[in-house]
Amino acid sequence: RVFCAHLAAKVSHPTLKTYLAEIRFQHIEDSFQDPFSMASRLPLVLCSINRKGRSPVSRQRLPITTNVLGLTKDALKLDRTFNDYDCAAYWAAFTLAFFGFLRSSEFSMRQPKQYDPSCHLLLSDVTWPEGKQDRFTIRIKASKTDFFRRGCNLVLFASGQSICPVRT
């Protein structure tokens, strides 16, 4: 009960139930007794938590600024866990998202298994105008706000600064 009360301030009711189910599963899987068999008040505690409807304490999400982006660029250069190709790919994603004001779902996916070429980016969705090295166009196929999936073209220009979506 104390564990539930403690977590109720941090996570939602469904998440708390998932945690408890995982604890129970692991105990039974490891041939231990059901840890909640003697916890007759646990359902009452869960009902109370659900009724109160306390929302979890949300993390403060700070904005990404050009200063933060610059620090990220420096950190990528110093990080030895990434090769040059990975660093360039991450930097391209970060600057595309920043300068294009994109949601993460508009240029990435949670898992590779979810890749769908009809809505996710392809190399062919990025075009450079002939003779122009100061801009590129990217085709966004799907967006949270594009209900009919018409897509849109986003043109990004060189900034001339150290943080630039066109040049590294």
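Mentor: Met-109 is partly exposed because its relative accessible area is 32%, a class lying between buried (under 20%) and exposed (over 50%), with a 1.4 Å probe and protein chains only. The model is predicted, so local features need pLDDT of at least 70 and side-chain atom pairs pLDDT 80 or more, while totals for chains, interfaces and linings use all residues. Residues are numbered from 1 along each chain as its sequence is written, and side-chain values use heavy atoms, without hydrogens or water.

Trainee: Where does Met-109 lie?

Mentor: Met-109 is in the loop between helix H5 (84–100) and strand S1 (126–127). Helices (H or I, at least four residues) and strands (E, at least two) are DSSP runs numbered from the N terminus.

Trainee: Which residues make the nonpolar surface patch?

Mentor: Met-109, Tyr-115 and Leu-122 form the patch, about 230 Å² in area. Patch residues have over 30% relative accessible area and no salt bridge; like charges are joined within 9 Å, and nonpolar side chains (Val, Leu, Ile, Met, Phe, Trp, Tyr) within 5 Å. Areas come from the Shrake-Rupley method with a 1.4 Å probe, and for residues only the protein chains shown count as cover.

Trainee: How many salt bridges does a search of the whole structure find?

Mentor: Side chains of opposite charge can pair when their charged atoms come close. The search finds 3 salt bridges, each a side-chain nitrogen of Lys or Arg within 4 Å of a carboxyl oxygen of Asp or Glu. Arg-24 pairs with Asp-34, their closest N and O atoms being 3.0 Å apart. Arg-24 belongs to helix H2 (residues 13–29) and Asp-34 to the loop between H2 and helix H3 (42–52), so this bridge ties together parts 10 residues apart in sequence. Arg-24 is partly exposed at 39% relative accessibility, as is Asp-34 at 21%. In another bridge, the side chains of Arg-135 and Asp-134 meet at 3.3 Å, N to O; Arg-135 is partly exposed at 23%, and Asp-134 is partly exposed at 30%.

Trainee: Which residue meets Lys-141 in a salt bridge?

Mentor: Asp-125 does, at 3.1 Å from N to O. This pair links distant parts of the chain, 16 residues apart: Lys-141 in the loop between S2 and S3, and Asp-125 in the loop between H5 and S1. Lys-141 is buried because its relative accessibility is 16%, and Asp-125 is buried at 10%.

Trainee: Which backbone oxygens lie by the side chain of Lys-141?

Mentor: A polar atom of the Lys-141 side chain lies 2.6 Å from the backbone oxygen of Pro-117, and one lies 3.0 Å from that of His-120. Beyond four places in sequence, the residues that Lys-141 touches (heavy atoms within 4.5 Å) include Ser-118, Leu-122, Asp-146 and Arg-149.

Trainee: Which residues make up the largest nonpolar core?

Mentor: A nonpolar core is a set of buried Ala, Val, Leu, Ile, Met, Phe, Trp, Tyr and Cys residues joined through side-chain atoms within 4.5 Å. The largest has 10 residues, among them Cys-4, Leu-7, Leu-20, Leu-42 and Ile-49. Helix H1 (2–8), H2 and H3 each supply at least two of its residues, and H3 gives the most, with 4. A second, separate core of 8 residues includes Phe-136, Ile-140, Leu-156 and Val-166.

Notes. Polar contact = N/O pair within 3.5 Å; in protein donor to acceptor, adjacent residues only side chain to side chain.
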